[in-house]
Amino acid sequence: MDIEASARFTIDGKRSIIWVGSHSGDRNRRILFVTPEPTFPPEGPYGDLEVTHYYTDLFGTNEQIKIEGAEFSPDESKFFIGLRSPLSADGKAQIRVLENLQSILHKVGGEPSPAAARFGPTIELDLHQRGIREIRRGIVTQLRSD
């Protein structure tokens, strides 16, 4: 597993963290999973974090995607995914906007969701032929996808 990004959000009324794999290469990297937000200092090893929700193969493609950043919109209705690659056709960095994250996540031990990932318009940034390395809410609030 190759975790590249994480973000805090609320799901099922509980503060949680979503962890995002790079989605590059093999299927072990094509995963998102959710854990409860830990308290600090932690009460045990991180290897014992309880996974509550998961999703695999977000983009459903063989395209070489490399995720490096993730953040939610202020109201947590959209999930912004910053890509290191690929760049757009004209060399711009891309932020993909997932509009239905909570409806696609599977509860561990529950029935899989029938919903497919639904993406809104891609945000493109001119970073001089460079991809995204990280995104945080302070920046996301300045980028509107509507």
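Biologist: Before we start, where does the model come from?

Modeller: This is a predicted model. Local features are described where pLDDT is at least 70.

Biologist: OK, the open sheet. In what order do its strands sit?

Modeller: The order is S5-S6-S7-S9. That makes 4 strands, and the pairing is antiparallel.

Biologist: Which strands stand at the edges?

Modeller: Strand S5 (66-72) and strand S9 (123-125). Each has a single partner strand, so one side of each is left without a neighbour in the sheet.

Biologist: How much are neighbouring strands turned against each other?

Modeller: By 25° on average, with direction ignored.

Biologist: What holds strands together in general?

Modeller: Strands of a sheet pair through backbone hydrogen bonds.

Biologist: And how many bridges join S5 to S6 here?

Modeller: There are 6 bridges between S5 and S6, which covers residues 79-85. One example: Ala70 has Ile81 in S6 as its bridge partner.

Biologist: What about S2 and S3?

Modeller: S2 and S3 pair in the antiparallel sense, over 5 bridges.

Biologist: Is S3 largely enclosed or left open?

Modeller: Largely enclosed by the rest of the structure, because 5 of its 6 residues are buried.

Biologist: Now the inside. How many residues are in the largest nonpolar core?

Modeller: It has 22 residues. Those with the most contacts inside it are Phe9, Ile18, Val20, Leu58, Phe79, Ile81 and Leu101.

Biologist: Which elements supply at least two residues each?

Modeller: Strand S1 (3-11), strand S2 (14-21), strand S3 (31-36), S5, S6 and helix H1 (101-104). S1 gives the largest share of this core, with 4 residues.

Biologist: Pick Phe79. What is it in contact with?

Modeller: Leaving aside neighbours within four places in sequence, the contacts of Phe79 include Ala7, Ile18, Val20, Leu32, Ala70, Phe72 and Leu101. Arg96, Val97 and Leu98 are also among them.

Biologist: Switching to rings. How many aromatic pairs does the structure hold?

Modeller: It holds 3. Phe9 and Phe72 form one that is stacked. Their centres are 4.6 Å apart, with 15° between the planes.

Biologist: Where do those two sit in the chain?

Modeller: Phe9 is in strand S1 and Phe72 is in strand S5. They are 63 residues apart, so this pair links distant parts of the chain.

Biologist: Are they buried or exposed?

Modeller: Phe9 is buried, with a relative accessible area of 0%. Phe72 is buried too, at 1%.

Biologist: Why is the pair of Phe72 and Phe79 called tilted?

Modeller: Their ring centres are 4.6 Å apart and their planes stand at 40°, so the pair is tilted. Stacked pairs need planes under 30 degrees apart, and edge-to-face pairs need over 60.

Biologist: Which residues form the aromatic cluster?

Modeller: Phe9, Phe72 and Phe79 form one cluster.

Biologist: Next, Glu76. Where is that?

Modeller: Glu76 lies in the loop between S5 and S6.

Biologist: Buried or exposed?

Modeller: Buried, with a relative accessible area of 19%. The cut-off for buried is under 20%.

Biologist: Which side chain does Glu76 join in a polar contact?

Modeller: That of Arg15, at 2.9 Å. Not counting residues up to four places away in sequence, Glu76 also touches Arg8, Phe9, Thr10 and Arg137.

Biologist: And Phe119, where is its place?

Modeller: Phe119 is in the loop between strand S8 (106-107) and S9. Phe119 counts as partly exposed, at 29% relative accessibility.

Biologist: What separates Phe119 from Leu98?

Modeller: They are 21 residues apart along the chain, and 4.5 Å separates their C-alpha atoms. Phe119 touches Leu98, and its other contacts include Leu58, Phe59 and Ile81.

Biologist: Last one, Ile3. Which strand?

Modeller: Ile3 is in strand S1. Ile3 is partly exposed, with a relative accessible area of 34%.

Biologist: How far apart are Ile3 and Gly21?

Modeller: In sequence, 18 residues; in space, 4.3 Å from C-alpha to C-alpha. Ile3 touches Gly21, and also Trp19, Val20 and Phe33.

How values were computed: Residues are numbered from 1 along each chain as its sequence is written. This is a predicted model: local features need pLDDT of at least 70, side-chain atom pairs count only at pLDDT 80 or more; totals for chains, interfaces and linings use all residues. Side-chain values use heavy atoms; hydrogens and water are left out. Two strands pair if DSSP finds at least two bridges between them. Axes are lines fitted to C-alpha atoms, for helices over the stretch in contact, and angles run from 0 to 180 degrees between N-to-C directions. A nonpolar core is a set of buried Ala, Val, Leu, Ile, Met, Phe, Trp, Tyr and Cys residues joined through side-chain atoms within 4.5 Å. Buried means under 20% relative accessible area, exposed over 50%, partly exposed in between (1.4 Å probe, protein chains only). Contact means heavy atoms within 4.5 Å. A polar contact is a pair of N or O atoms within 3.5 Å; within protein, one must be able to donate a hydrogen and the other to accept it, and residues adjacent in sequence count only if both atoms are side-chain atoms. Rings of Phe, Tyr and Trp (its six-membered ring) pair if their centres lie within 6.5 Å; planes under 30 degrees apart count as stacked, over 60 as edge-to-face and the rest as tilted.
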